[in-house]
Amino acid sequence: MRVAFLGLGIMGRPMAANLVKAGHEVTVWNRTPGKQVEGASSASSPAEAARGAEVVWMCVSDTKAVESVLFGPDGVEQSLAEGMIVADSSTISPSATRSFAERLRAKGVQYVDAPMTGSKAGAEGGTLIFIVGGDEPTIAALGPLFAAMGKQFFRMGETSKGQAAKLVMNLQIALIYEGFAEALTLAAKLGLDAATLLPLVQASMVRSGVVDYKAPFILKRDFSANFPLRLMHKDLRLALDAAKEVRVKLPGLEMVEEIYEMATEDGHENLDYAATLTLLEKWAGVEVKSASA
Ligand code: NA7
């Protein structure tokens, strides 16, 4: 397929590379010039990348970025053609997604929200899980592209339901991780070795994918970004905004969002969200470590 891929960040770049690897004809664009993908052509604007494309796939930071890529100067809007599909793998507001989709539908263009889970490793390995909202035939048409970049996709319903599901997934990841980080902090203060505690956690009902994924990084004290804290923070705010729109109160999430706020004030926004642990450690005057690590 002829694909315009817009946004070559931590996630977008390997995703575009996997489309090239699968034999698709890919044109890439990134706001800051200089990022390229081997085997893909480069365009100087979203409009130029989208010209003649069957599918425009976006993977940029946030709602504002998607709006500007679509409707800003030299945006995708300039190159829309009847029958084109626009897919968005950024994690953004569900209500904004609905309004973007309506604007595009008025021009005969279908819109699919396809945020994903799987972090950097999933993007590089082509093993992402896509969480999708949109019409079934449109999603089916994107099948070869999902297959090139991921291992599975789950359709959550019509446009914007993918974003809604992504937000409730990240809400759970952040709260589960925060529980784990608090447990490790108290454990350290009580003199428990993290590597001794972990097999017990993993043998019990506490076990979770979040713990499996994050524990090795914590033991190595490696807080470099797989999923940057600033992006998880953005998603927690999106979830709180969405909750407010439908008048739902989420006290646990509100508290965790404040911890992200403080972690950002401490300059951790570009580290992995696992770095919220370092705040708990600072308050407790302790460091989580393992004698064997
Ligand atoms: P990164 O690595 O922070 O990359 C963000 C990308 O978004 C990067 O290509 C940015 O371009 C681009 N960006 C940011 N703001 C804009 C605006 N205003 N206009 C156009 N492009 C923009 O994020 P990830 O790849 O980890 O994640 C991307 C999304 O997937 C995000 O929603 C996550 O929550 C999930 P730059 O190179 O800075 O010019």
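In which hand, left or right, does α11 pass α12? The views below come from a predicted model, in which local features need pLDDT of at least 70, side-chain atom pairs count only at pLDDT 80 or more, and totals for chains, interfaces and linings use all residues. Residues are numbered from 1 along each chain as its sequence is written, and side-chain values use heavy atoms, without hydrogens and water.

**View 1. Helix α11 (residues 229–245) meets helix α12 (residues 251–265).** The crossing is left-handed (near helix turned anticlockwise from the far one by less than a right angle). The axes come within 10 Å and cross at roughly 145° (lines fitted to C-alpha atoms over the stretch in contact; angles from 0 to 180 degrees between N-to-C directions). Helices are DSSP runs (H or I, at least four residues) and so are strands (E, at least two), numbered from the N terminus.

**View 2. Trp57 and Phe146 pair edge-to-face.** Their centres lie 5.4 Å apart, with 80° between the planes (pairs need centres within 6.5 Å; edge-to-face means over 60 degrees). Tryptophan 57 is in strand β4 and phenylalanine 146 in helix α7, 89 residues apart. Both are buried (under 20% relative accessible area, 1.4 Å probe, protein chains only). Ring pairs link Trp57, Phe130, Phe146 and Phe153 into a cluster.

**View 3. Arginine 103 lies over the face of phenylalanine 71.** The distance to the ring centre is 3.6 Å (the rule: NZ of Lys or CZ of Arg within 6 Å of the ring centre and within 35 degrees of the ring normal). Lysine 220 has its charged end over the ring of phenylalanine 217, 5.1 Å from the centre.

Conventions:
Rings of Phe, Tyr and Trp (its six-membered ring) pair if their centres lie within 6.5 Å; planes under 30 degrees apart count as stacked, over 60 as edge-to-face and the rest as tilted. Buried means under 20% relative accessible area, exposed over 50%, partly exposed in between (1.4 Å probe, protein chains only).
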